[in-house]
Amino acid sequence: MPGKTQSPSKVRPRRARTDIREALLESALVEFGAKGFDGASTRAIARRVDAHQPQINYHFESKAALWTAAVDQLFGLLGQALGGVIPAALTDRDVPQVANAFADGIRRFVGFAAEHPQLNQIMVHEGTAVSARLAWMTETHVKPFFDGIRPAWQILRDAGVAAPIDPEILYYVLVGAASLPYVNAPEVRLLTGRDPSDPAWIAAHADGLVAILLPGLAARSGSQQ
């Protein structure tokens, strides 16, 4: 008697190596964001995407290498979201152009924070204690972002468009205000009865943040009409 053939519904499709690697990276971001590096389990990361724990070592060699690759990917996506939004050359001090670009950057950053709350989660986990991971992440990814927005902010402060916030403090105001509703999404739903993943919420959040940080933008735009 011929042997039973396995039911099609039970056949596990074979995934390409690149698909498994990408799935593990996405899973790692969720785990590292929720539990931090020390609390995250490679077993849980693999289980989340129906993979095997040895596949992590095959693709990334170690938990630390997986964390580095996941953070690289996350900041790479942030770079794509914000790429070119603020002009690289600000010597002409074109205030309207810089103001509109900065406002666009705020809106893009809020949208990114809504889609990828793991960014702030991981930064908070790592930022609470000095470590080699924090030093690497700060130097490789955070500092370029920090340095990139300071010149534009100073121009807008000098022109009276931006709120009178120290450029170094602005970074924390911006990151915190842009990301908190999405990191604390369950609280938002309980407190307000609204869903922070709703595009209308995200747009209103971004507009509010632009109004707070760039109070002179509306006045300048109105005077040009």
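**Figure 1. Asp50 counts as partly exposed, at 46% relative accessibility.** Here, buried means under 20% relative accessible area, exposed over 50%, and partly exposed in between, computed with a 1.4 Å probe on protein chains only. Before we go further, please note that this is a predicted model, in which local features need pLDDT of at least 70 and side-chain atom pairs count only at pLDDT 80 or more, while totals for chains, interfaces and linings use all residues. Residues are numbered from 1 along each chain as its sequence is written, and side-chain values use heavy atoms, with hydrogens and water left out. Helices (H or I, at least four residues) and strands (E, at least two) are DSSP runs, numbered from the N terminus. The backbone is worth a look too: phi of Asp50 is near 55°, a positive value in a residue other than glycine.

**Figure 2. Glu61 sits in the loop between α3 and α4.** With a relative accessible area of 69%, Glu61 is exposed. Its phi is near 75°, again a positive value in a residue that is not glycine.

**Figure 3. The protein chain is built from 11 helices and 0 strands.** Following the sequence, you will read the pattern α-α-α-α-α-α-α-α-α-α-α. Of the 225 residues in the protein chain, 40% are buried. Contact means heavy atoms within 4.5 Å. Among the contacts with a separation of 6 or more, 68% join residues 24 or more positions apart.

**Figure 4. Helices α4 and α6 make a left-handed crossing.** A crossing is left-handed if the near helix is turned anticlockwise from the far one by less than a right angle, and right-handed if clockwise. The axes of helix α4 (residues 63-82) and α6 come within 11 Å and cross at roughly 130°. That angle makes α4 oblique to α6. Axes are lines fitted to C-alpha atoms, for helices over the stretch in contact, and angles run from 0 to 180 degrees between N-to-C directions. Angles under 35 degrees count as roughly parallel, over 145 as roughly antiparallel, 65 to 115 as roughly perpendicular, and the rest as oblique. On the α4 side, look for Trp67, Val71, Leu74, Phe75 and Leu78; α6 contributes Gln118, Leu119, Ile122, Met123 and Glu126. By type, the contact residues of this pair are 8 nonpolar, 1 polar and 1 charged. In this grouping, Ala, Val, Leu, Ile, Met, Phe, Trp, Tyr, Cys and Pro count as nonpolar, Asp, Glu, Lys and Arg as charged, and the others, Gly among them, as polar.

**Figure 5. Gln118 is a buried residue of the α4 and α6 contact.** Gln118 lies in helix α6 (residues 118-127) and has a relative accessible area of 15%. Setting aside residues up to four places away in sequence, Gln118 touches Leu29, Val30 and Leu74.

**Figure 6. Met137 of helix α7 is buried, with a relative accessible area of 2%.** Leaving aside neighbours within four places in sequence, Met137 is in contact with Trp67, Val71, Phe75, Ile122, Met123, Glu126 and Val142. The C-alpha atoms of Met137 and Asp72 are separated by 8.8 Å, although these residues are 65 residues apart along the chain. Met137 also features in the largest nonpolar core, which has 67 residues. Such a core is a set of buried Ala, Val, Leu, Ile, Met, Phe, Trp, Tyr and Cys residues joined through side-chain atoms within 4.5 Å. The residues with the most contacts inside this core are Phe32, Phe102, Ile106, Phe109, Met137, Leu156 and Leu214. In soluble globular proteins, nonpolar side chains tend to be buried together.

**Figure 7. Helices α5 and α10 make a right-handed crossing.** Helix α5 (residues 95-115) packs on helix α10 (residues 199-213) at an angle of about 140°, with the axes 9 Å apart. The two helices are therefore oblique to each other. From α5, the contact takes in Ala103, Ile106, Arg107, Val110, Gly111 and Ala114; from α10, Ile202, His205, Ala206, Asp207, Leu209, Val210 and Leu213. These residues divide into 9 nonpolar, 2 polar and 2 charged.

**Figure 8. Arg157 is found in helix α7 (residues 132-158).** With a relative accessible area of 31%, Arg157 is partly exposed. Apart from neighbours within four places in sequence, Arg157 is in contact with Ala162, Ala163, Pro164, Ile165, Asp166 and Pro167. Pro167 is 10 residues from Arg157 along the chain, and their C-alpha atoms are separated by 9.0 Å.
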